Amino acid sequence: MLGGAGALLGVAAVPAQAAEVAFATHCIPPSGSGVDPVDGTTKVEITAPATAKVGDEVEVVWKFVQAASKNPGPIDLPANSVKPTGTLKAAGAQTAGIAMEGPQENPVIPKGSDMVMSDMKGKLKLTAPGELTLTPDAYDINVLGTVTKCAPTEAVKPAGTINVTSGGGTSSTSPTPTGSATVTSTPTNTASATPSASASESDGTGGQTEFTGKQVDIPYTCQSPLGEKKATSPIQINAKKDGGSFGLTVQFKKSVMDSPADIPKDSVRPSMEVVLGGADKGTVHVEGPTNSEPIKTGDPIEIPDLTGTYKPGASGESTLSPGVLTIEALGTTTTCKPDRTAVSLTLDTTEQANGASGGSSSGGTTGGSSGATTGGLAETGSESHGALKALGLVAGTAVLLGAAVFTFLPRRQAR
């Protein structure tokens, strides 16, 4: 009896087996990244049951022992920013492509260090008895919303074998893929109403202290560690008079991309130079605080209003236009300059001691009310508090390369 029980236990057990295989790999970075393809060696360990029976659904694990390349920079890849997916070929007793997927989990990957990717898993329902071999095939690596595609450049040896026995199971279809490699977000933009009242029109009332600018669409070019990125953003600049000076608020109103990765708190800081024109000259620096809370993958990035104080350096009709936008995030700086700019707000100003005109402020000057040709990007909402919802950090960290582009796309202000 004891011997028989032992025999039954031996049949019921499904021992796991692991085997490692290495293969030459060609990896293609995301389009527009400016990085050449990478050739290297991928080492994979496949774990699967040694035996199973027809009708069983078995789980297979793909472990990356070695990726095809290191992370050469220019930035450290943040934690939980790398997600692998791929295909494992089943052959022999049955033929199938097993969709493999790993969670978006990884430690911080410093520049120059080995890539670290989570284990991928997939399932296959067994349909025929016999020997079933498992062979790694192409895989994708999604980093911060961009995908690097890697494929073998030589015949790959099987890395696992399952002995499938007849067990009275019913036939089944090929496995269903478990997920997609690319996680992207589709912003839905709804521009808010465009305020148009100017300070010069309202000064005649004698008591107005708050001035709402008009929304202007500004095309801009951003230079990041990876390269160049273009976008257009609607912008509005508002002001509140305080004595002879004005408190400025720059708000971003349009819809925004969701975050493609977890963003730590206090890691994103925006600032802008508002360009003066008309009677006055120079720029006014406005900035916002860093993000006060971590931002999870899939959530919008919320950046508070950019604020600063404008002290007029000339008397007359002075204009304010969007200028250079600077984004500091995760140790890198992205600078966005407008291809052309336009006046968002016009103010009747009175010269103040040590005011802006003729000062040392950097930045271009604007012309009259029609706008100017220098400055940078910004976006504002109405006079009330609004949030810039933007994501930098999208578009470009190639997984085997570690490059990144910070592109800030604004979101509609919630009132």
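**Close-up views of a predicted model**

Cysteine 150 counts as buried, at 2% relative accessibility; buried means under 20% relative accessible area, exposed over 50% and partly exposed in between, with a 1.4 Å probe and protein chains only. This is a predicted model: local features need pLDDT of at least 70, side-chain atom pairs count only at pLDDT 80 or more, and totals for chains, interfaces and linings use all residues. Residues are numbered from 1 along each chain as its sequence is written, and side-chain values use heavy atoms, with hydrogens and water left out.

**View 1. A disulfide joins cysteine 27 to cysteine 150.** The S to S distance is 2.1 Å. A disulfide here is a pair of cysteine sulfur atoms within 2.5 Å. Cysteine 27 lies in strand E1 and cysteine 150 in strand E11 (residues 146-152), so the pair ties together parts 123 residues apart in sequence. Strands (E, at least two residues) and helices (H or I, at least four) are DSSP runs, numbered from the N terminus. The torsion about the S-S bond is about 115°, so this disulfide is right-handed. Cysteine 27 is buried, at 0% relative accessibility.

**View 2. A disulfide joins cysteine 222 to cysteine 336.** Here the S to S distance is 1.9 Å. The link is right-handed, with 105° about the S-S bond. Cysteine 222 sits in strand E14 (residues 216-223) and cysteine 336 in strand E23 (residues 332-338), 114 residues apart. Cysteine 222 is buried, with a relative accessible area of 1%. Cysteine 336 is buried too, also with 1%. The count comes to two disulfides. With the bonded cysteines numbered in sequence order, the pairing is 1-2, 3-4.

**View 3. Trp62 and Leu134 touch the most other members of the largest nonpolar core.** This core has 39 residues. A nonpolar core is a set of buried Ala, Val, Leu, Ile, Met, Phe, Trp, Tyr and Cys residues joined through side-chain atoms within 4.5 Å. Its largest share, five residues, comes from E10. A second, separate core of 32 residues includes Leu325, Ile327, Leu345 and Leu347.

**View 4. Side chains alternate along strand E20 (residues 306-310).** Leu306, Gly308 and Tyr310 point to one face and are buried. E20 pairs with strand E16 (residues 245-252) in the antiparallel sense, over five bridges. Two strands pair if DSSP finds at least two bridges between them. Leucine 306 in E20 is the bridge partner of valine 250.
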